[in-house]
Amino acid sequence: MDFYEWMAADGWSDLPARLRGEAGDPGSRTWVAGGDSADENFAGMVSNARFAADEVVRRISFAKPPRRLLDIGGGHGVFAARFVEKHSEMRATVLDTEDVLKRSVAVQAEEGVADRVELRTGDFWTDDWGTGYDAVLLFNLLNAYPLERKLALLDRARAALAPGGQLVILDQMRRSVRSGAARAVVELTNLRLFDPGTGGTYTLPELREWLAHRRMEKVRNHRLFSVPWTALVAARRPLDPTPDHEEAHR
């Protein structure tokens with residue numbers, strides 16, 4: 001069973017409870033952490049990521065050769081690996097839980113970049129992220145949390161970036177999509193991810209507002225042809241020294 005089968009079938013059983021405002025399942029962040037199908041589910045996520053990864057990496061450009069990348073909750077590490085493959089001077093760190101990263105070792109070996117991708121076990125809510133990164137990835141992450149935690153992740157990402165570094169977000173957002181099939185996927189995913197506790201999916205204007213409050217600039221939405229139902233947004237931390245954002249704005 002891959003991710004989209006889970007979204008289309010197994011992920012709907014608790015929808016009535018969520019519509020009533022009751023607690024639902026733990027969401028896509030934990031669907032590969034354990035259980036009888038964990039290895040199969042993880043393989044599905046890897047396959048889906050590899051389908052889109054090269055286009056995602058192509059869309060993100062840097063003003064100078066990037067050297068350090070941080071992938072928060074990066075799981076399989078496919079995106080970090082593909083960024084490292086493209087940029088010869090780059091090294092990447094993937095921060096996630098032990099249950100997920102133990103499966104990622106083989107992925108990095110298959111990608112041929114195990115010596116340049118660090119798999120760091122930890123809790124991205126409490127552990128130190130470090131600073132001075134040329135890029136921070138928040139991929140398929142913000143939707144899993146309520147608004148205050150979404151904003152906290154954006155705050156921590158900005159603080160981890162070097163001046164001129166890029167925050168890159170890949171996520172499902174409520175937005176207009178031209179293609180009928182892609183539009184159907186977007187709408188079904190929005191419904192699947194609806195949860196009064198997390199706020200569900202968000203819009204690009206909302207994200208732009210959150211980034212503006214954090215003094216992020218050059219916000220750009222990249223259209224993806226491989227996965228048109230998914231939004232890719234990049235924003236830059238200004239080159240001039242500005243204080244880190246201390247209070248989350250709504």
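**Aromatic contacts and helix packing in a predicted model**

Across the protein chain the average pLDDT is 82, and 70% of the residues score at least 70. This is a predicted model, so local features need pLDDT of at least 70 and side-chain atom pairs count only at pLDDT 80 or more, while totals for chains, interfaces and linings use all residues. Residues are numbered from 1 along each chain as its sequence is written, and side-chain values use heavy atoms, with hydrogens and water left out.

On to the rings. The structure holds 5 aromatic pairs (ring centres of Phe, Tyr and Trp, the last by its six-membered ring, within 6.5 Å; planes under 30 degrees apart are stacked, over 60 edge-to-face, the rest tilted). Phe124 and Tyr145 count as edge-to-face because their planes stand at 90°, with the ring centres 6.4 Å apart. Phe124 belongs to the loop between strand 3 (117-121) and strand 4 (133-139), and Tyr145 to the loop between strand 4 and helix 6 (147-160), so this pair ties together parts 21 residues apart in sequence. Helices (H or I, at least four residues) and strands (E, at least two) are DSSP runs, numbered from the N terminus.

Tyr145 also pairs edge-to-face with Trp125, at 5.0 Å centre to centre and 80° between the planes. That pair, too, links distant parts of the chain, 20 residues apart. Phe124 is buried, as is Tyr145 at 14% relative accessibility, whereas Trp125 is partly exposed at 22% (buried is under 20% relative accessible area, exposed over 50%, partly exposed in between; 1.4 Å probe, protein chains only).

The charged end of Arg149 sits over the Trp125 ring, 4.2 Å from its centre, and Arg68 lies over the face of Tyr133 at 4.1 Å from the ring centre (NZ of Lys or CZ of Arg within 6 Å of the ring centre and within 35 degrees of the ring normal).

Elsewhere, helix 3 (residues 38-59) packs against helix 4 (residues 78-86) at about 35°, with axes 9 Å apart; axes are lines fitted to C-alpha atoms, for helices over the stretch in contact, and angles run from 0 to 180 degrees between N-to-C directions. Residues making the contact include Val46 and Ala49 of helix 3 and Phe79 and Phe83 of helix 4.

Methods
pLDDT is the predictor's confidence in each residue, from 0 to 100. Contact means heavy atoms within 4.5 Å.
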